[in-house]
Amino acid sequence: MPELPEVETVKAGIAPAMEGQRILRADVNRPDLRWPFPENMAARLTGARVLGLRRRSKYILADLDRGETLLIHLGMSGRMLVSGVKIGEFHHPHPAPAKHDHVVLHMENGARVTFNDARRFGAMDLLDTATQDDHWLIRDIGPEPLGNTFDETYLVDRLRGKNSPIKTALLDQRIVAGLGNIYVCEVLFRAGIHPKRKAGQISARRVATLVPLIRTVLAEAIAAGGSSLRDYRQSDGELGYFQHVFQVYGQEGKPCLTSGCKKTIQRIVQSGRSTFFCPQCQR
Ligand SMILES: [Zn+2]
């Protein structure tokens, strides 16, 4: 499942195809993905110019010149394919139409942006740009972890008195936006905090250390995604799922990377999700 850095990478990858460009034609090949598409979506997209792309949490938002904003969510298995335009050093020719190509945007610069989603957990919607923050998918989301309102004071305040494990609290999108399982595991490892520790029982000093670590871990992953775009050669133009080496995520049974630590990384399940951590370094 794509997390914030992957979504940021997909946004950067589709930007050259979409920003400033008019949508000449929108093929909408089915009535829904996870939820029904908005009424007349193809007609509302056709002829609209994309003013710019933004990201909010794990949603890509494309502001159109008609006062509407196209929301794109990759869900579990959604993929964006860009063709007919250069990504980094590489030009990807248009692929043959494929099964699960649910929405295809034909841009005036000759680019094509294809949303392909075999499992259909993804979503697209059209929002009134002026009131987009009130949209039901967006209104309850907490601050962006890379934004100015997410800081030490905020996080200490939000976690005070919380009985849930710190892992669960950091996954709560109302507390901080866009953090997913992979990066929460990485952050807690770097912070030396045990994932089962109750959020409200961690000292303010230790909670405060999480904020710069969250920013660093995400920034590193976004940078890795950016370099994957510059060296982008996947033949079908698929975006977003770059190789990235994690210190604990997926490393069960491997030696802990902390120098001097002789333990191996363990996996437990919390709220149905795998947690990877070092039982020695994380307390
Ligand atoms: Zn360790």
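The paragraphs below lead through a predicted model, moving from a strand hairpin to a helix pair and then to annotated positions.

Strand 2, residues 50-56, and strand 3, residues 59-64, pair in the antiparallel sense over 6 bridges, and within this pairing Gly-52 stands opposite Asp-63 of strand 3. The two strands form a hairpin with 2 residues between them, where Ser-57 in the turn has a positive phi of about 55°. Lys-58 is also found in the loop between strand 2 and strand 3.

Lys-58 counts as buried because 24 other C-beta atoms lie within 10 Å, and, leaving aside neighbours within four places in sequence, Lys-58 is in contact with Pro-2, Leu-4, Val-7, His-73 and Gly-178. Glu-3, by contrast, counts as partly exposed because it has 17 C-beta neighbours inside 10 Å. Glu-3 lies in the segment before helix 1 and, with neighbours within four places in sequence again left aside, is in contact with Gly-180, Ile-182 and Tyr-183.

Helix 1, residues 4-18, and helix 6, residues 204-230, have axes that come within 9 Å and cross at roughly 35°, and this crossing is right-handed. On the helix 1 side the meeting residues include Leu-4, Pro-5 and Ala-12, while those on the helix 6 side include Leu-218, Ile-222 and Leu-229. The residues of this contact divide into 7 nonpolar, 5 polar and 2 charged.

Terms used
Residues numbered from 1 in each chain as written. Predicted model: local features only at pLDDT ≥ 70, side-chain atom pairs only at ≥ 80, totals over all residues. Pairing = 2+ DSSP bridges. Helix = DSSP H or I, 4+ residues; strand = E, 2+ residues; numbered from the N terminus. Axes fitted to C-alpha atoms, helices over the stretch in contact; angles between N-to-C directions. Left-handed = near helix turned anticlockwise from the far one by under 90°. Contact = placed C-beta atoms within 7 Å. Nonpolar A, V, L, I, M, F, W, Y, C, P; charged D, E, K, R; others polar. Buried ≥ 20, exposed ≤ 12 C-beta atoms within 10 Å, placed from the backbone.
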